[in-house]
Amino acid sequence: MGIGTRKRFVDTLISVGLGLILAALLAVGYLAYESMAHLLEANRLVTNTHRVLESLAVVQYQIEAAETAQRSFVLTGRDRFVATFNAACETTTRQTLILHKLLADDRDELLKLAALEGLVRDRFAELNDGIKNRASFFPRIGGDPLAAAEKNKAQTDRIHATTVEIQQHQNELLIQRAAEHNELAAHTRSLILIETGLAFALVMLAALVLLARRSAQIQLGRVEEKYREIFENSADGIYQADLAGKFTMVNPAMARLFGYATPEEMVADRQPAYKLTRRDEFLRELQSTGTISNFESQLTRADGQTFWISENVDR
């Protein structure tokens, strides 16, 4: 295998390698992008679940705060407890609105939230009635303390049960979403590592290409220099000619043989170097065998004299 053929083979091999690595890099990059998008969505869902649980905890706390404020007002009559009660009601309303937004993609949870809203609304209405009329603390149930206590407990239990049901479901979702998040994070991390490795391989292969090309150029330069030295200093005539018999390149020995002062002067001569009959025979033999050995030809010097030479050709 010649130097040129080896160079072309190496260039082709490296080009194919670069193309494959680049294609793999693009494919892994796309997969990493998709994985990152899913990871971000999983992270959003986990964060969303945490916010739902936090809002539910706030609602529970504010209901207890409202009950405490109402009881304190009934016992003391101080207006600051009314302000505390109203603030608890307002905070609960805001948190309920937040829960509606957080649970917008979960129809079943929205139904539970609607039930919880109704229970909380009834509970706050009951507490507000007690604030409006301290003298008649249980206006809706005929002033029976035992019945009032049972009603209050029933309301509180329903609110608690509904809240716990939502919290349990959200905790289950949190466990599931956290597991998916961790799995996606590990998958994304693996893809990033693979992409980094491919990028490193691409850089190394590109460096190898540059080194190989540089080495080939140096080797080719050495071969050309050696060939030029042989071509210039050979005692035998060496030449290249076209199919019409016109010399396209000759060495100094060939120029002297034909009576020219320099190779450039000989190449500039537009007259064919061979007699046509022998040239046709020369071409037929070259095309037939691919090589010529000891082929005798009659050529013409610059001064018009003819002479015979023996040629060897390797195509």
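The side chains of Glu-109 and Lys-112 come together in a salt bridge with an N to O distance of 3.1 Å, where a salt bridge is taken as a side-chain nitrogen of Lys or Arg within 4 Å of a carboxyl oxygen of Asp or Glu. Because Glu-109 and Lys-112 are three residues apart in helix α3, about one helical turn separates them; helices here are DSSP runs of H or I with at least four residues, strands are runs of E with at least two, and both are numbered from the N terminus. Glu-109 counts as buried because its relative accessibility is 1%, given that buried means under 20% relative accessible area, exposed over 50%, and partly exposed in between, with a 1.4 Å probe and protein chains only.

This is a predicted model, in which local features need pLDDT of at least 70 and side-chain atom pairs count only at pLDDT 80 or more, whereas totals for chains, interfaces and linings use all residues. Residues are numbered from 1 along each chain as its sequence is written, and side-chain values use heavy atoms, with hydrogens and water left out.

Lys-112 also takes part in a salt bridge with Glu-165, at 3.7 Å from N to O. This pair links distant parts of the chain, since Glu-165 lies in helix α4 and Lys-112 in helix α3, 53 residues apart. Glu-165 is partly exposed, at 40% relative accessibility, and Glu-109, Lys-112 and Glu-165 are linked in a network of salt bridges.

How many salt bridges does the structure hold? The structure holds five salt bridges, and one of them joins the side chains of Glu-41 and Arg-44 at 2.8 Å from N to O. Glu-41 and Arg-44 both lie in helix α1, where they are three residues apart, or about one turn of the helix. Glu-41 is partly exposed at a relative accessible area of 35%, and Arg-44 is likewise partly exposed at 40%. Side chains of opposite charge can pair when their charged atoms come close.

Phe-85 counts as buried, with a relative accessibility of 2%. Leaving aside neighbours within four places in sequence, Phe-85 is in contact with Ala-66, Ala-69, Gln-70, Phe-124, Leu-127, Asn-128 and Ile-131, where contact means heavy atoms within 4.5 Å. The count of aromatic pairs comes to two, the rule being that rings of Phe, Tyr and Trp (its six-membered ring) pair if their centres lie within 6.5 Å, with planes under 30 degrees apart counted as stacked, over 60 as edge-to-face and the rest as tilted. Phe-85 and Phe-124 form an edge-to-face pair, at 6.2 Å centre to centre and with 75° between the planes. Phe-85 lies in helix α2 and Phe-124 in helix α3, so this pair ties together parts that are 39 residues apart in sequence. Phe-124, at 11% relative accessibility, counts as buried.

Thr-163 is found in helix α4 and counts as buried at 1% relative accessibility. Not counting residues up to four places away in sequence, Thr-163 touches Leu-56, Gln-60 and Leu-116.

Tyr-33 lies in helix α1, which spans residues 3-76, and counts as exposed because its relative accessibility is 57%.

For the chain as a whole, the secondary structure comes to seven helices and four strands, and from the N terminus on the elements run α-α-α-α-β-β-α-α-α-β-β. Of the 315 residues of the protein, 34% count as buried. Among contacts between residues at least 6 apart in sequence, 60% join residues at least 24 apart.
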